[in-house]
Amino acid sequence: MPGLLPKKTIVPIDFSELSIKALDHAIEISDPDGEVHAIHVLAPLSVMEPGLIYGTESDDERIAGALKHLDETLKDEKYGQVITTVVVGDAGHEIADYAQVSHADLIVIPSHGYGIIKHMLLGSVAERVVRLAHCPVLVLRQ
């Protein structure tokens, strides 16, 4: 990340207001000639999911639906240069892997600020990304 303007920034999007604000912040702090990537991670379906059992739902269809939803969510002109990606897997690992493969300078991720009990039950994607990422991670608190 030369200077203070990252050339390539990754922002995980879960369609929450906080993740959209993180994307806005990433656009503000990134190099105007750089790239901002928005990545959405779909959880893998359980082998007992009805859609998998009956063959009515595939990962490709889920990815296409999520990409369509991303395009609708990010239709504002200010998101015109944002590169969108959807993958399937564990969110923390997929975000860190995507950042490494794309040679990102920075990951900007919101922290939902769950209490200790909810955090213990759900874990924290932001925490896993910080632990696994090869590059700096900016965690935004609400």
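# Close-up views of a predicted model

**View 1. K78 sits in the loop between α3 and β3.** Helices and strands here are DSSP runs numbered from the N terminus (helices: H or I, at least four residues; strands: E, at least two). This is a predicted model, where local features need pLDDT of at least 70, side-chain atom pairs count only at pLDDT 80 or more, and totals for chains, interfaces and linings use all residues. Residues are numbered from 1 along each chain as its sequence is written, and side-chain values use heavy atoms, with hydrogens and water left out. K78 comes out as partly exposed, at 48% relative accessible area (under 20% is buried, over 50% exposed, and partly exposed is in between, with a 1.4 Å probe and protein chains only). Leaving out residues up to four places away in sequence, K78 touches D24 and I27 (contact means heavy atoms within 4.5 Å). K78 and D24 are 54 residues apart in sequence, yet their C-alpha atoms are 8.6 Å apart in space.

**View 2. The sheet is an open one of 5 strands, in the order β3-β2-β1-β4-β5 with parallel pairing.** Two strands count as paired if DSSP finds at least two bridges between them. At the edges are β3 and β5 (137-141), each pairing on one side only. Ignoring direction, neighbouring strands are turned by 25 degrees against each other on average (axes are lines fitted to C-alpha atoms, for helices over the stretch in contact, and angles run from 0 to 180 degrees between N-to-C directions).

**View 3. Strand β1 (residues 8-12) pairs with β4 in the parallel sense over 2 bridges.** Look for T9 standing opposite L106 in β4. Two helices also show up against the sheet. α3 packs on it, touching β2 and β3, with a direction at about 150 degrees to that of β3. α6 packs on the sheet too, touching β4 and β5, and its direction makes about 155 degrees with that of β4. What does β1 do with β2? β1 and β2 pair in the parallel sense over 5 bridges, and I10 has H37 in β2 as its bridge partner. Since 4 of its 5 residues are buried, β1 is largely enclosed by the rest of the structure.

**View 4. The largest nonpolar core has 17 residues, and V11, I13, L23, L74 and V82 have the most contacts inside it.** Such a core is a set of buried Ala, Val, Leu, Ile, Met, Phe, Trp, Tyr and Cys residues joined through side-chain atoms within 4.5 Å. Elements giving two or more residues to this core are α1, β2 (35-42), α3 (59-73) and β4 (106-111). The largest share, 4 residues, comes from α1. Which residues does L74 contact, leaving aside its neighbours within four places in sequence? L74 reaches I20, L23, A38, Y79, V82 and T84. Apart from this core lies another, of 15 residues, with V41, A91, A99 and I107 among them.

**View 5. K21 and E17 meet in a salt bridge, N to O at 3.1 Å.** A salt bridge here is a side-chain nitrogen of Lys or Arg within 4 Å of a carboxyl oxygen of Asp or Glu, and a search of the whole structure finds 7 of them. K21 and E17 are about one helical turn from each other, because they are 4 residues apart in helix α1 (residues 17-29). K21 counts as partly exposed at 47% relative accessibility, while E17 counts as exposed at 57%.

**View 6. R128 forms a salt bridge with D90, with the closest N and O atoms 3.2 Å apart.** R128 lies in helix α6 (residues 125-132) and D90 in the loop between β3 (83-88) and α4 (91-101), so the pair ties together parts that are 38 residues apart in sequence. R128 counts as buried at 19% relative accessibility, whereas D90 is partly exposed at 33%. Also in this view, E127 forms a salt bridge with R131, closest N and O atoms 3.9 Å apart.

**View 7. Over residues 118-122, pLDDT stays under 50.** pLDDT is the predictor's confidence in each residue, from 0 to 100. The model has 5 contacts beyond four places in sequence for residues 118-122. Where pLDDT is low, the predicted coordinates should not be read in detail. The protein chain averages a pLDDT of 86, and 82% of the residues score at least 70.
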